[in-house]
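Open the model in your viewer and keep the selection tool at hand. The stops below go from one selection to the next.

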Amino acid sequence: MTRAFKLPDLGEGIHEAEIVEIPVAVGDEVEEDQTILVVETDKAAVEIPSPYSATVESVEVEVGDLVRVDNVMMTFSGNGVAAEEPEERPETAEEERPQKEPVETREQKGPVPASPATRRLARELDVDLRQVEPTGPAGRVTAQDVRAFAEGEAEREPAPAEPREEERERRPEATSAVDPRSVSLPPLPDFERWGEVERIELRSVRRSIAKQMALSWAQIPRVSHHEEADITELDRLRRKYKEESGLESLTLTVFIIKAAAAALRDFPRFNASLDAQAEEIVLKRYYHFGVAVDTERGLIVPVVRDVDCKSLIQLSNELQELAEQTRAGEAALEDLQGASFTITNVGILGGTAFTPIVNYPEVAILGMARAAWKPVVRADESGRQKIEPRLILPLVLAFDHRVADGADAARFMRAIVETLKDPHKLMLTL
Amino acid sequence: MVMGEQTIETQVAVIGGGPGGYAAAFRAADLGLEVTLINQEERLGGVCLLRGCIPAKVFLEVTHLLHDARQAGDWGLTFDEPDIDLEGLRKRKEKVVGRLTKGLETLCRQRDVQLIRARAEFEDAHRLRLQGADVAHVEFEHAILATGSTPISLPGVEFAPGGRVMSTAEALDVPRIPETLLLVGGGFNGVELGSVYAALGSRVTLVEMTEGLLPGVDRDLVKPLARRIEASYEATHYNTRVTSLKEHDDGVEVTLEGEGNTAETERFDQVLVVIGRRPNSQDIGLESTGIERDEQDFVVVDEEMRTAEEHIFAVGDVVGLPMLAHKAIHQGKVAAGVIAGEPEAFDVRCVPAVIYTDPQIAWCGLTEPAAEEEGREVEMGRFSWGASGRALTMGEPRGLTKLVFDPEMERVLGVGIVGRGAEDLIAEGALAIEMGAVAQDLALTIHPHPTLSETISEAAQAFLGLATHVLSRRK
C-alpha cells in the first residue's frame, strides 16, 4: 500500500516553507519519528518527523523548493503504512488553521449551498464561498460563517480599511497617477538593454524580510526621533564589570536593553501593538525584546523574554547564546516570535544615524548607531562652558505615529538618555 | 417627427421600457440615481406587457374558462355553448394592458424617472443619438441596454398586421378567429397561443421541427399536455418543416416536409409562426462602442451585467436565454444596484419557466434529461396527481410533481410540475433550490391539505420513503 505524505501544518498562519534538507532517499527504510525532511519557515528551521515506519517510495520535492501545507512531499510503501490517514499533526489551534478544503473537490460538487442573502453578503465582504467552512445544516454556508471567515481573514492579513462598496463608487472616476494607493505597478524594464544582469531568487530569510518590510511599510506611519546619549561613564563602568567578572558578553546593548525596559514602564505606549480592526491599542504587560542579529542569510530577530526580570549577567549570556544560535541557523521558530519591542544595533559596523523600520506588529524600535568620541560642550560646576571629549552614542526611536506622538517619543528618549548618562540612575531602575 | 437640437446629460440612461428596462430604471431611481428611460414605443411595458405575456394570459384565462364550462357538464352543470364576442375580448385585453402600462407611467413620475419616447442609438460609448423626440442627444455616465428581442420569421416571410402570417404580436390582437390555423413551432409561446385559438374555435394544425412538443422539456412533464393538445388540435406533425409558404388573397399555401415523407401542400386560413426570437442588438450603434456580441448576436455581459464597456450594462432578452420577463427584471435590478455601488450579481441557482397551457408546465433548476446529458447521477422524488385529493376535486387528475435530488446530500437540484397551478407551485421549488434545501426540509415542512402544494412535500417524502398517499420504495 502506498501512502502519500503531505506537508503538515506548521503553526499559526504559516502556509509555506522552503525545503532545506532531505535526509532520506528513495529506497530508504525509515522509522516512525525519524526526521525525513527539514524545512525553513520565517527564518527558522523545522524538522519534520516520519509518521510511519516504512520505505521511501518516491520523493516529490527538491532542496530549494517552496512548498505549501498539504503539498505531497514523498510517498511511502510497506507494512507500516496504515490504512487510515494519520492524524498526527503538530498541535495548532483549530480556529486559526487556514480553511483547507481543496478547491477542486468543492467545485466538483457544484455551487456552494448558501441562501441568496448569504451569497450577497459574501459579495459584500469579498469572501470566496468555496473557502468558507460551512456550519449550517446539510453543509450549508450561513451568513455567520461568512462573517467569521471575513474577520479571520482580517486577522491573518490585515486588509485595507475601506469596504468594497466605496471602491466601486470610486471606479467610474479617473484614478490619479500620483495617488500612492491607486498607482498600479508598471512592468519592470528589460534591464539587459543596458548591460549584463544576474538574477537571484528571493528565498528563505531574504524573502521573509521582504514580506515583513513591505507589510510594515504599508501599515505604519513611521516617525524617527533621533537622540544622543553620553555614555562615557556607562562605558567605563561596563569595561570595569567586564574585566572584574570576566563576562566577555557584557555589551553596550545589554545596558540599552535595561534602560529601555525601565523607560517602557513609564511609557507603555511604546511597548504595544495597534489593533486596527478593533481600533484598540494593545498595551503589553510583558517585556520581550527582539534583538536584531546580522547573519549571513540576512537580518534575523530572536527574542529575549522578560528582560525586565533578568540581571545584567543573565541578559548578557542569553543574548550571546541567542546570537550564536541565530547565526548558526539553529534558532527555533518560538525564539523568533512574541517580541513587544525591538532593539537594533548597527553601531559595531558603523553609521552615525539611520531610520529603522518598525517590526510590525510592534509600535516602536530602538536603533543604536556607532558610539564615537566627540567634542562636547559641557558646563562645569561654576557654569563655565568647556569642550570635552565624550563618548556619544547616537540613538533613534522609530515609532508608529498612530499610537504615540512626537512629544511622547521625545520624553521617552529623554528618559532613556538620562538613565544612560548617569549609571547610578540605571542602577536604581534595575 | 421633429429632429430636436437639445442635448441632455443623465447619470443613468436606460434604453428600452420593457420589464428589464423599467425594473432597472425604478431600482436605480430608488437607489438615488438620476435616471432617463428611453422607450421606443408609445407605451411602457415592452413586449411582455403590450403583446406578449400579459395579453396571452388574458386570453388563456378565457381558454381555461371555456374548457371548464364545457367540462362542467360531467359534473352536473351544463352550460350552452357560449357566444364569443371577439371585440369584447379585445376590449378586456386592452383594459388590462392599459391599466398596467398607465401604472408604469405613474411609477416613473413618482420616482422622478425622466421618460423620453424615442429610438436610441449609440453614437459612441458615452452618447446616444435619439430619433423622434425633442431631445437629440443623451450624454450618460452609465447606460443599461434593455432593447429586448423580436420574433424570427421564416426566410422570405414577413409579419404584417392584418396579414395572414402572424407572429405572437399579431396573434394577440386576435383580429379574427380563423377557420384553420397552422401553428409553426411547438415551443412555449406557440403551444400557448395554439390552445387559445383552438379554444376559440379554430382548427389548429401544428408543425414542429423536432420529434415532439416543447423540445428540451422533460418528457414526463410534456406527456399530460401532449395528450390534451392532440385531443384539441386537428393535426400535429413532428419532425416536419415548412419548406415553402405563399400568401394568397384567400389563404396561405404551405408545403410541409416530414422526415421520410413526401412533401404535402395544404391551405390554411392563417399561419402563426413561433420559431424563436432574436436579440435586438443590431442597428443600435453598438459598433461605435466596445460592446461585444456573440455568434448569436446576444450582447456579452459578465455576472454584474456589465458589457465590455465598463459603464454600460445590458439585461434581459438582449443578453441571452432564457428569454423570460422575470429574468430581465432580476437582471435589471442587478445592473442598477451595481451602478449604485451595491454588491449585486446575477448568481441565481435557477430561473423558473412556466408554460401557461392547461395543464400548465413549470420547472426550475436541473431537469432529469439535463442531468442525464451531463452524466450526473441524480435521484427522483415523484408524486402523481392521481393520488392528490385536491387535484381530484378540481377534476384535474392529470398532473405530476417531480423533484430532482443529489443522491449524496439529498439536496434539491430541480423541480418540475405539470398540472393546474404549476405557475404558483414552482416558486416553492425555486426557493428550495436557492436556499440549498434538502429533501428533509421539504418533507418536514407542513403543507396544507388538501392542496396541490402538498404534492411537493409528498414528492420529497416519496424520495425519502415517507410518503403517505403513495407507496414509495427507498433503498
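Begin with helix 13 of chain B, residues 454-464: 10 of its 11 residues are buried. Here a residue is buried if 20 or more other C-beta atoms, placed from the backbone, lie within 10 Å of its own; it is exposed at 12 or fewer and partly exposed in between. Helices (H or I, at least four residues) and strands (E, at least two) are DSSP runs, numbered from the N terminus. This is a predicted model, in which local features need pLDDT of at least 70 and side-chain atom pairs count only at pLDDT 80 or more, while totals for chains, interfaces and linings use all residues. Residues are numbered from 1 along each chain as its sequence is written, and chains are lettered from A and ligands numbered from 1 in the order in which they are written.

Now pick the buried residues of that helix, among them I456(B), A459(B) and F463(B). They pack against strand 20 (379-384), strand 21 (400-405), helix 11 (422-435) and helix 12 (439-443) of chain B; contact means C-beta atoms, placed from the backbone, within 7 Å. Helix 13 of chain B lies across strands 20 and 21, at about 135° to strand 20 of chain B. Such angles run from 0 to 180 degrees between N-to-C directions, with axes fitted to C-alpha atoms, for helices over the stretch in contact. Just past the helix, select G465(B), where phi is positive, about 80°.

Next, show the sheet of chain B. Its five strands form an open, antiparallel sheet in the order 18-19-22-21-20; strands pair if DSSP finds at least two bridges between them. Strand 18 (353-355) and strand 20 of chain B are at the edges with a single partner strand each, so one side of each has no neighbour in the sheet. Strands 18 and 19 (residues 360-365) of chain B are joined antiparallel over three bridges; select A353(B) and its bridge partner W363(B). Helix 11 of chain B lies across strands 18, 19 and 22 (412-419), at about 10° to strand 19 of chain B.

Move to the boundary between the chains. In this model 17 residues of chain A are in contact with 13 residues of chain B. On the chain A side, helix 2 (116-125) and helix 4 (164-170) each supply at least two residues, and helix 2 of chain A gives the most, with five.

Finally, stay on helix 2 of chain A and select T118(A), R119(A), L121(A) and A122(A), which are buried. D126(A) follows this helix, with a positive phi near 60°.

Notes. Contact = placed C-beta atoms within 7 Å.
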